[in-house]
Amino acid sequence: MTDTLQLVLILLASAVFVVVIFRSLQLPPLLGYLIVGVLIGPNLPGPTFDLEETQHLAEFGVVFLMFTIGLEFSLARLFHMRRLVFGLGGAQVLLTMVGLGGVLIAFGMSWEPAVALAAALAVSSTAIVIRMLSDRMETETPHGREVIGVLLFQDLVIVPLLVIFPALAGASENLAGVLGWAFVKAAVILTLVLFFGQRLMRGWFNLVARRRSNELFIINVLFITLGLAYVTELAGLSLALGAFVAGMLISETEYRHRVEEDIRPFRDVLLGLFFITTGMRLELHSVVDYAPIVAALFIGPMLLKFAIVAGLSRLLGGTPGTAIRSGLCLAQAGEFGLVLLALGSDLKLFEPAIAQAAIAGVVLSMLASPFLIQHSDRIALRISRTEWMRRSLQLHQVAATSISAERHVVICGYGRTGQSLARFLEREGVSYVALDLDPERVLAASAAGENVVYGDAARRETLIAAGLGRARALVVSFIDTPGSMKILHHARSINPGLPVIVRTRDDGPFDKLSEAGAAEVVPDTFESSLMLASHAMLMAGVPARRVMSRLREVRGERYHMLRGFFRGTSDEIDDIDDSNLPRMHTVTLDGKAYAIGKSIEELGLTDRGIVVTAVRRRNIRAEEPGPETRFRDGDVVVLLGAPEAVAFGETRLLKG
């Protein structure tokens, strides 16, 4: 028990330290987990730990990862992206497996482990690539769409690969029969579960949700996930396949997003443990001994995947720059490759030396991936002769659209909100230039005569070409705080006095955006509340002039009156992540409360980000009491602040 506890403490301490470093370097934490595993594995002098103690628990990280993949599974999305998913994605996986498998067989490897190793190296890292594309605001670019389509197919192809691997390991003489029987079992289970499960799942979740218990809801999700994983394992298939099916079932209910939020802590912790144990498998002395093989499995697959993805992108009509960026994003191996390598090692598909070299190659390619993606623009400009011309033409088009505009409004993002804003501006005779990264939307809107052009608003040169230096205002109409921060940074350097209006979902990033230079931050939740209140007041007979005055007052105070709310059990069922939003909380002071006789200033509540919005005394409510206000026995104090701050404030009032 002591050794196990010692191992857990070392794992936690190492993970916290390394992940903090990787977060500060803007690198994916899973790379930090891999390095932790390498460091505490059998590579450094000191105590050694039994990998089996954590391996079984770490397997559940893969289970929950497949569960979240199932949650994101959407037939409608697949149909919409079918050309990229099944065309580009299917061809990439097939050609990579054929190419790598052929090379491995040519070097003397048996075809079963060659196919398994090629499959493991064919898939890329969804966790790294999606995170990097999101941070760089490139998910809606041409290469971003190609990359997401390929990653979606790779996530789906893991399901049959989890069935194929045991068949490759156990029945070389009758492989066709074993594979056929495995797929028959998988088809029967999937048909039964999906046909009957779809009818039962929604009603069952409604029943559980009506109990209004967060603990019961989470237990139910764990029960369904692990229960279906157990069923598929009993059928001779994998735990991960059952978890994927569970995610698919829940994705069709209205509780999908809440389930995703509830399951994320389990997934992230256990998946981190999986990557740590994967790193612990890596023996550095074996890597040194087989350095040529490691180099070949690191560089060879990356070059091959880059060439295949770039070539397929060009065949599908992508520009040279798009093809290069897509290839760089997908060149690396990924977390599912480590999953398949671990499964293949357990099934004795690979020789130990090959398994060690392959794991090292995957880890190195994942470490290199963030740097390749970060510098993909520079690499594309250096490799492709036409990329400079395309970039120049794009900026020229933006400049040509804005050249006649003076004292105009620059709109970043031309979705529904951006288009609505543009129509209001047109009616008032205010010119505008809209920037958007969706080529289909830009093509359709510009064909209709609207003043929108393809361009990345997060790039300084695009904003300059859009005439930001002579604009009267800048509006960020999409909801993306990191992207908005980039735009604010460029706007302040180009035109420091320009008013910038930023849209957000709620008041979470309100202060952050205001400090970055936003003249106005418009939270969707607050504005919908104002519209609801205005209609209700008008219907209740309040004069229209007074209603408008109230709205102006609230907006002029930066929505101060609307910030914070009393959280109830029903909020846990709503499809909103409000766990970090400011909230209101009431504290009743009895005769033993520490705060009695003390003022708000003496208690130091404001120093911890706590606002006393009201004090109710003998059924008389005093709004916004001053710092000199002293508390009395029986007072009801209303606190406003972040959840942690409110908890501290309650403790301070009652116990000191």
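## Close-up views of a predicted model

**View 1. Strands S7 and S10, side by side in a sheet.** The antiparallel strands S7 and S10 are joined by 6 bridges. For pairing, DSSP has to find at least two bridges between two strands. The strands themselves are DSSP runs of E with at least two residues, helices are runs of H or I with at least four, and both are numbered from the N terminus. One of the links is between Val587 and its bridge partner in S10, Val637. Before you zoom in further, please note that this is a predicted model, where local features need pLDDT of at least 70, side-chain atom pairs count only at pLDDT 80 or more, and totals for chains, interfaces and linings use all residues. Residue numbers start from 1 along each chain as its sequence is written, and side-chain values use heavy atoms, with hydrogens and water left out.

**View 2. The whole open sheet, in the order S7-S10-S8-S9.** This sheet has 4 strands with antiparallel pairing. S7 (583-588) and S9 (620-623) each have a single partner strand and stand at the edges, so one side of each has no neighbour in the sheet. From one strand to the next, the twist averages 20 degrees; axes are lines fitted to C-alpha atoms (for helices, over the stretch in contact), and angles between N-to-C directions run from 0 to 180 degrees. S8 and S10 pair over 5 bridges in the antiparallel sense, and Val612 has Leu639 as its bridge partner in S10. Strand S8 (residues 611-617) also pairs with S9, antiparallel and over 4 bridges. Look for Arg617 opposite Ile620 in S9.

**View 3. Strand S10, covered on both faces.** Buried means under 20% relative accessible area and exposed means over 50%, with partly exposed in between (1.4 Å probe, protein chains only). In a regular strand, side chains alternate between the two faces of the sheet. On one side of S10 you will find Val636, Val638 and Leu640, and on the other Val637, Leu639 and Gly641, all of them buried.

**View 4. Helix H25 and its buried face.** H25 (residues 524-539) has 16 residues and reaches 23 Å from first C-alpha to last, close to the expected 22 Å at 1.5 Å a residue. That expectation is 1.5 Å times one less than the number of residues. Phe526, Glu527, Leu530 and Ser534 are the buried residues of H25. Viewed down the helix axis they fall within an arc of 95 degrees, so they line one face of H25; the arc is that of the directions from the helix axis to the C-beta atoms. An α-helix has 3.6 residues a turn, so residues three or four places apart point the same way. Strand S6 (520-523) and helix H26 (544-556) are among the elements covering the buried residues of H25. The face turned away from that buried side carries the exposed residues Leu532, His535 and Met539. Gly541 follows H25 and has a positive phi, near 100 degrees.

View 5. Ser477 is found in the loop between strand S4 (473-476) and helix H23 (481-494). Its relative accessibility of 5% makes Ser477 a buried residue. Setting aside neighbours within four places in sequence, Ser477 is in contact (heavy atoms within 4.5 Å) with Ile411, Cys412, Gly413, Tyr414, Thr417, Gly418 and Arg503. Ser484 lies in H23 itself and is buried too, with a relative accessible area of 1%. Not counting residues up to four places away in sequence, Ser484 touches Val476, Phe478, Val502 and Leu513. Ser484 and Val502 are 18 residues apart in sequence, yet their C-alpha atoms are 7.1 Å apart.

View 6. H6 (residues 111-122) has 12 residues, and its 16 Å reach from first C-alpha to last is close to the 16 Å expected.

**View 7. Leu249 in helix H11.** Leu249 lies in H11, which covers residues 239-251. With 2% relative accessibility, Leu249 counts as buried. Leu249 and Met201 are 48 residues apart along the chain, and 6.9 Å separates their C-alpha atoms.
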